[in-house]
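Please open the model in your viewer and keep the selection panel at hand. The stops below go from one selection to the next, and each says what is to be found there.

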Amino acid sequence: MSTETLDSFRRNAEHHHATVHETAPEDVRSTVASLIDPPAVGVAAGYDLPAGIETNPTPTELSAANTGVTVASVAIADYGTLVLEDDAAGSEPASLFPERHVAILRTDDVVPSIADALGTLGPRLREGASAILATGPSATADMGELVLGAHGPEAVDVVLVGEDADAGETAGDGDEAGGEADR
């Protein structure tokens with residue numbers, strides 16, 4: 001992934017009120033732990049999530065969750081948009097119902113444009129898969145002033161996982177890192 005594409009993704013995601021936290025693979029768990037506001041639910045295939053995240057929530061637990069943790073399949077740098085594929089484990093509701101959405105994203109999965117994203121996802125979508133495109137928190141300006149969290153999460157944190165990420169460096173808040181990840 002080019003530095004220009006990653007810079008574009010960071011800039012556009014933050015323009016749309018998301019916060020990007022860069023971390024190394026071995027620090028995903030501690031970075032996610034620093035971002036969750038319990039109770040939390042999550043679907044994060046391939047990652048070792050911190051304790052306290054319910055990965056098989058009941059509808060009541062999902063409704064009560066303050067944080068939802070998911071893995072984004074792809075991100076579109078031109079818009080700072082996350083692509084979340086629908087799955088049986090519940091990624092879509094985990095990303096939409098809680099007030100805070102924490103999305104784990106590999107730097108290798110950031111593509112420059114929507115055409116590139118469709119090129120990546122096209123075969124799965126043609127076979128009947130579905131995905132949502134999420135650009136920052138849910139927002140509306142119907143009443144004049146921008147209101148975040150109108151119909152979905154009020155806050156979005158992207159945990160951007162790269163091999164050469166400077167552990168602990170974040171674009172948003174300087175979180176410390178130091179846990180386990182297996183992806």
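Begin by selecting Asp7, Arg10 and Glu22, which are linked in a network of salt bridges, a salt bridge being a side-chain nitrogen of Lys or Arg within 4 Å of a carboxyl oxygen of Asp or Glu. This is a predicted model, in which local features need pLDDT of at least 70 and side-chain atom pairs count only at pLDDT 80 or more, whereas totals for chains, interfaces and linings use all residues. Residues are numbered from 1 along each chain as its sequence is written, and side-chain values use heavy atoms, with hydrogens and water left out.

Aspartate 7 is partly exposed at 36% relative accessibility, while arginine 10 is buried at 16%, where buried means under 20% relative accessible area, exposed over 50% and partly exposed in between (1.4 Å probe, protein chains only).

Now centre on glutamate 22, whose salt bridge with arginine 10 has its closest N and O atoms 2.6 Å apart. Because glutamate 22 lies in strand β1 and arginine 10 in helix α1, the pair ties together parts that are 12 residues apart in sequence. Glutamate 22 counts as buried, at 15% relative accessibility.

Next, show the strands as a cartoon. An open sheet of 6 strands runs in the order β1-β12-β7-β4-β2-β3 with parallel pairing, two strands being paired if DSSP finds at least two bridges between them. Its edge strands are β1 (18-23) and β3 (53-54), each of which pairs on one side only. Helix α1 (residues 3-15) packs on the sheet, touching β1, β7 and β12 (155-161), and its direction makes about 145° with that of β1; here contact means heavy atoms within 4.5 Å, and axes are lines fitted to C-alpha atoms, for helices over the stretch in contact, with angles from 0 to 180 degrees between N-to-C directions. Strand β2 (residues 40-42) runs parallel to strand β4 (residues 67-71), to which 3 bridges join it, and valine 41 stands opposite glycine 68 in β4.

Select phenylalanine 9 next: leaving aside neighbours within four places in sequence, its contacts include Val20, Ala75, Leu82, Leu105, Val110 and Val158. Phe9 is also among the residues touching the most other members of the largest nonpolar core, which has 17 residues; such a core is a set of buried Ala, Val, Leu, Ile, Met, Phe, Trp, Tyr and Cys residues joined through side-chain atoms within 4.5 Å. At least two residues of this core come from each of α1, β1, β6 (81-85), β7 and β12. Apart from this core lies another, of 15 residues, among them Ile36, Ala44, Leu49 and Ile53.

Move on to helix α2 (residues 28-35), where Val28, Ser30, Thr31, Val32 and Leu35 are buried; their cover includes β1, β3, β4, β7 and β12.

For the last stop, select arginine 124 and glutamate 85, which form a salt bridge with the closest N and O atoms 2.9 Å apart. Arginine 124 lies in helix α5 (residues 114-126) and glutamate 85 in strand β6, so this pair ties together parts that are 39 residues apart in sequence. Arginine 124 is partly exposed at 37%, whereas glutamate 85 is buried at 16%.

Methods: Helix = DSSP H or I, 4+ residues; strand = E, 2+ residues; numbered from the N terminus.
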